[in-house]
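Please look over the chain shown here. The report below walks through selected helices and residues.

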Amino acid sequence: MKTLTQLRFDNRFARLGDTFSTQVSPQPLDTPRLMVASEAAMALLDLDPAEAQQPLFAELFSGHKIWSTAEPRAMVYSGHQFGSYNPQLGDGRGLLLGEVINDAGEHWDLHLKGAGKTPYSRMGDGRAVLRSSIREFLASEHLHALGIPSSRALCVVGSDTPVYRERQERGAMLLRLAPSHVRFGHFEFFYYTRQHAELKQLLDHVAEAHFPELLEHPEPYHALFRQVLERTAALIARWQAYGFCHGVMNTDNMSILGITFDFGPYAFLDDFDARFICNHSDDSGRYSFENQVPIAHWNLAALAQALTPFVDVKVLRETMALFLPLYQAEWLDLMRRRLGFSQAEDGDEPLVQRLLQLMQDSAVDYTNFFRELSERTPDQALPRLREDFVDIKGFDAWAEDYRARTTREGGNPAERQVRMQAVNPKFILRNYLAQQAIEAAEQGDYGPVRELHAVLSRPFDEQPGMQRYAERPPEWGKHLEISCSS
């Protein structure tokens, strides 16, 4: 294990030069203090968990100190925001401190969010507040624990620095990790500014750093786009299968690696509602839960447009046609496993869709339904679950078909329950749980956010004594309004 001073930097993105990013130093927070840290994320850097207790830890991740070999840069990019093109965005409140290479040879971006003003801050102050930092920390680590590709979160450092949003709050910084922070909007920026040589340079960088197996491909840029499309389809399938709503699927929030990042007004479904909108600023419902699939497809089309100087339009269109079938196959496979099926039958999709419609009509808790179904045999679980549905006749018909499908599947019932519990979480990051932890942290009590993080890091385990985190939310907890500042 390493100490903080032993981290080794290899700043590949910084070496691309000033066309791609601007050198900026973080602006320190006042009286920094560690609020929560992830040992699992620290392990990605080979960091000894004890390092989190050192004063240097909070100093580094609050802008007071920086490694001599780090090269803080604010990245430039553009993107489509709510369907409209914004010609220049960029890291307005975050900095890529540098890339750490661990003992396994993996590169990890160290990205400090809330680090102060950059040339891309526009009218903003470049700061992050405690609530948004805690929410992103919790979501990043929880999604990873669920098996959903995501950026990771190392820590949240709080402060006494005043930050003004809807009210005066305290500033915080979040240190997040990812193999890359390159997004669709990077390619759009160089395409729409007609910097095609730089666009090619960026493509080569991404291929060499993250898709080296494609370098020998006869059409490497097309192969790269197909990889991005496949990863994005798999990612969105996982979002939909586990009820995750991102809330702001702008192209500048879409990772070139097909991971979840740039968390804002996200939410997991409590009651199943395909039309759920988690961002109270999204008046049109563009980024509603059910729209995440077509919006991902739309965003990939925007990326494809940016690649047209180097990839034939017909080839791009043919590749785009693969998205929906790939998504559908991945999503259906995940839902089969959630229902306990290890084999495929032609009638599985209608069976799943009927269940979701019944859940929609009766406002059934999405996470708890699948967990309860996995904890008992169908004959034991279905009579209890029946009580949650308004359309009893419809549920009974579905339950009869589900029993028949389970019978045809065969296998050992106990082994089936074990398989189901391994994919159906008992604990999910509900908005009201995050809000309670945030309110405690704002009062100086960091115990609740640390405990919630620990519980959500093992979402499939029973965890005796933590049942309160698995309960359905109170009515007020289902109606929290979350904005882009979280």
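## A residue in helix H13

Is Tyr-402 buried or exposed? Tyr-402 is buried, at a relative accessible area of 0%. Buried means under 20% relative accessible area, exposed means over 50%, and partly exposed lies in between (1.4 Å probe, protein chains only). Tyr-402 sits in helix H13. Helices (H or I, at least four residues) and strands (E, at least two) are DSSP runs, numbered from the N terminus.

Tyr-402 touches Leu-339, Phe-341, Leu-351, Leu-373, Pro-378, Leu-382, Arg-416 and Met-420, leaving out residues up to four places away in sequence. Contact means heavy atoms within 4.5 Å. Leu-355 is 47 residues from Tyr-402 along the chain, and their C-alpha atoms are 9.7 Å apart.

## Basis of the model

This is a predicted model, in which local features need pLDDT of at least 70 and side-chain atom pairs pLDDT 80 or more, while totals for chains, interfaces and linings use all residues. Residues are numbered from 1 along each chain as its sequence is written, and side-chain values use heavy atoms, without hydrogens and water.

## Helix H11

Helix H11 spans residues 366–375 and is mostly covered. Eight of its 10 residues are buried. They are Tyr-366, Thr-367, Asn-368, Phe-369, Phe-370, Arg-371, Leu-373 and Ser-374. These buried residues pack against H6 (220–242), H9 (323–338), H10 (348–362), H12 (378–385), H13 (392–409) and H14 (413–421).

At the start of H11, Asp-365 places a side-chain oxygen within 3.3 Å of the backbone nitrogen of Thr-367. This is a polar contact, defined as a pair of N or O atoms within 3.5 Å; within protein, one must be able to donate a hydrogen and the other to accept it, and residues adjacent in sequence count only if both atoms are side-chain atoms.

Ser-362 belongs to helix H10. It counts as buried because its relative accessibility is 12%. Beyond residues up to four places away in sequence, Ser-362 touches Asp-388, Phe-389, Val-390 and Asp-391.

Gln-417 lies in helix H14. Its relative accessible area is 15%, so Gln-417 is buried. Setting aside neighbours within four places in sequence, Gln-417 contacts Ser-374, Glu-375, Arg-376 and Thr-377.

## The H4 and H5 pair

How do H4 and H5 cross? The axes of H4 (residues 184–192) and H5 (residues 196–210) come within 7 Å and cross at roughly 155°. H4 is therefore roughly antiparallel to H5. Axes are lines fitted to C-alpha atoms, for helices over the stretch in contact, and angles run from 0 to 180 degrees between N-to-C directions. Angles over 145 degrees count as roughly antiparallel, under 35 as roughly parallel, 65 to 115 as roughly perpendicular and the rest as oblique.

H4 contributes His-186, Phe-187, Phe-190 and Tyr-191 to the contact. H5 contributes His-196, Glu-198, Leu-199, Leu-202, Leu-203 and Val-206. By class, the contact has seven nonpolar, two polar and one charged residues. Ala, Val, Leu, Ile, Met, Phe, Trp, Tyr, Cys and Pro count as nonpolar, Asp, Glu, Lys and Arg as charged, and the others, Gly among them, as polar.

## Positive phi values

Most residues other than glycine have a negative phi. Thr-31 has a positive phi, near 45°. Thr-31 lies in the loop between strands S1 (21–23) and S2 (33–37). At 45% relative accessible area, Thr-31 is partly exposed.

Ala-363 also has a positive phi, of about 50°, although it is not a glycine. Ala-363 lies in the loop between H10 and H11. Ala-363 is partly exposed, at 34% relative accessible area.
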